[in-house]
Amino acid sequence: MCGIHAVISDGASGEPPPLSESLQQTLSSRGPDYFGQVKRDIPLDEERTKALHLVLTSTVLALRGDHVAAQPLEDTASDSVLCWNGEAWRLGNETVTGNDGEAILAKLRIAESSVVDASETREACVLNVLRSIEGPFAFLYYDAEAKRLYFGRDRLGRRSLLYNVSEDRRSITFSSIADVPASGWQEVEADGVYSIRLDALAAASGSAMGSWDLNTYITKHDWVPSAPVDMISSIGTFNTTLPGPGCVLNYDTPSVSILRHWISESLKLRVLNVPEPSDVPSDIDTRVAVLFSGGLDCTVLVRLVHEVLPSEQGIDLINVAFENPRQVAIFAKQPNPPKGGFYESCPDRITGRKSFAELKAACPGRYIRFIAVNVPFEEAMRHKTKVVSLMYPHDTEMDLSIAFALYFAARGMGDSYTTDAEWNPNPAIVTTPARVLLSGLGADELFGGYSRHEIAFKRDGYRGLIDELMLDVRRIGQRNLGRDDRVIAHWGKEVRLPFLDEQLVRYAISCPVWEKCDFQNPYHLAVIEPAKRALRLLADQLGLPSAAREKKRAVSLRYLECVSI
């Protein structure tokens, strides 16, 4: 995880102002291991007396390779610069080992140097490399020879990148996070790679044409050139085959074991070879934590992480509960309130402890710690201004509700429980050392877990369900993953989304819909719901019977009341 930032400004206006203290601090919170900045000038005349200014900044959270890769990454031979924020799990169908930013810059230089004739342009070579990346990312790449700035977010929009055009339209800023006070910032769309012709922009800056019409100089390059109309999120084609009579999803259906394979492969990329946090006062080597509600998706992830993670490493489960004054007043009037106080009565705390106990039994020998994050109402309100600034340009009450939950979960500070799932009146207060956080987000969209999927099936059968699932997967890149990235990364943590691995997504959308959920046979496996039934059957096979039968609750509804007072 890193913070990236760039400013393109008209040389006639003088040098661009330095980063504000608050923005530099916020970028450094995202990447506490290194801060770097480089400058490039694009001449307006042969005497080089005037220039367009380009200033690129990066902060680094070092999670790949055996060293801290100083950013921005510079190619000394060409003067090109890469600001990289994300994880390239695969590059040109090859798994990336070592530092991924350095690997991408090397690939770009090889591609550019291989241009020998007009049949393959320099631009095409650059785009071929960028299009070959699989993983969550946002980037800024300045090709010095071509005088082009490339920028973009991955196909599913898993990392944040914002842009802001100045009021006089003579500068444009890109940033992982908005400056404060935040206004005018927009998210870069996750629908392709974009590029700006800085040489043309420089020429316009030196002419009498006035402020920039940026649309004239920005080009969008699709992730998949000439993609078929039925391609989903530039990843694959959705299987729209309808089931015949007698199609039933059960333990022997191939999708259950195949799903286990793809989740495990996704997890191997995301939890193995994570650097051990430095200066951690603990005897337990914990590098990975899970955003843990106790629901199906996150519990399955923990169980499968147990299978791939070295036995000496621990796993932290971060479970958040908020105080709500209205609910506290009601709770206090109960004649026999539940043991443990108000927080222990919150739905996520109840399911979290239940699933924690189940995981302790299913993962013998593994150090698993339950961190109960209890957030008093007053504390939530003290952090509200920061949370609002981090989630910007998202600004609804529901955005704030979800952002609060992710913000305090990512901080990872709470009461620690290790030996059992029971409430303890004197828990230890800890902060997780893990800098990698896993989230189960994406499973509902891929495997039919939302109530609207069942409604679509009841309305139009499998045809209606397929249309609803296709819509969900198509708009993953337009949803709120950039917001989540901004909020979580504030604590120097990186969220990783195993269910949104490109290969897993490609499998899920190619899988027949009746092998993922089974609304046609809701009572076939009495207590196992038809929604996400393939994942539920896998959970049952993994020794998680309670998680397999847990009902879905939306995160927005769980926390909305906390912030609406």
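Trainee: In which loop is the place of P72?

Mentor: This is a predicted model, where local features need pLDDT of at least 70, side-chain atom pairs count only at pLDDT 80 or more, and totals for chains, interfaces and linings use all residues. Helices (H or I, at least four residues) and strands (E, at least two) are DSSP runs, numbered from the N terminus. With those names in hand, P72 belongs to the loop between β3 (51-60) and β4 (73-74).

Trainee: What is the omega of the peptide bond that joins Q71 and P72?

Mentor: Good place to look! The bond joining Q71 and P72 is a cis peptide bond. Its omega is about -5 degrees.

Trainee: And what is omega for the bond between Y392 and P393?

Mentor: P393 sits in the loop between α10 (384-391) and α11. The peptide bond from Y392 to P393 is cis, and its omega is about 15 degrees.

Trainee: How many residues of α11 are buried?

Mentor: Buried means under 20% relative accessible area, exposed means over 50%, and partly exposed is in between (1.4 Å probe, protein chains only). By that rule α11 is mostly covered. Of its 15 residues, the buried ones number 13.

Trainee: How far apart are the end C-alpha atoms of helix α11 (residues 397-411)?

Mentor: The expected span of a helix is 1.5 Å times one less than its number of residues. For the 15 residues of α11 this gives 21 Å, and the model agrees because the end C-alpha atoms are separated by 21 Å.

Trainee: Which residue just after α11 takes a positive phi?

Mentor: Look at the position that comes just after this helix. There, a positive phi of about 70 degrees is taken by G412.

Trainee: Which residue with a positive phi follows α16?

Mentor: Helix α16 (residues 533-541) is mostly covered, with eight of its nine residues buried. The buried ones include R533, L535 and D540. After the helix comes a residue whose phi is near 80 degrees, namely G543.

Trainee: What covers the buried residues of α16?

Mentor: Contact means heavy atoms within 4.5 Å. The cover includes α5 (254-271), α6 (296-308), α12 (443-447) and α17 (545-548).

Trainee: Is H306 buried or exposed?

Mentor: H306 is found in helix α6. It touches I315, A362, C363, P364 and R366, not counting residues up to four places away in sequence. Because the relative accessible area of H306 is 18%, H306 is buried.

Trainee: How far apart in space are H306 and I368?

Mentor: In sequence, H306 and I368 are 62 residues apart. From C-alpha to C-alpha, the separation in space is 9.5 Å.

Trainee: What separates the C-alpha atoms of D179 and P347?

Mentor: D179 lies in the loop between β12 (171-175) and β13 (186-187). Beyond its neighbours within four places in sequence, D179 is in contact with S20, S22, L23 and W185. P347 is 168 residues away along the chain, and the C-alpha atoms of the pair are separated by 36 Å.

Trainee: What phi does K147 have?

Mentor: K147 is in the loop between β9 (137-143) and β10 (148-153). K147 counts as partly exposed because its relative accessibility is 28%. Although K147 is not a glycine, its phi is positive, at about 55 degrees.

Trainee: Is N273 buried or exposed?

Mentor: N273 belongs to the loop between α5 and β18 (285-291). N273 is not a glycine, yet its phi is positive, about 65 degrees. Because its relative accessible area is 75%, N273 is exposed.

Conventions:
Residues are numbered from 1 along each chain as its sequence is written. Side-chain values use heavy atoms; hydrogens and water are left out.
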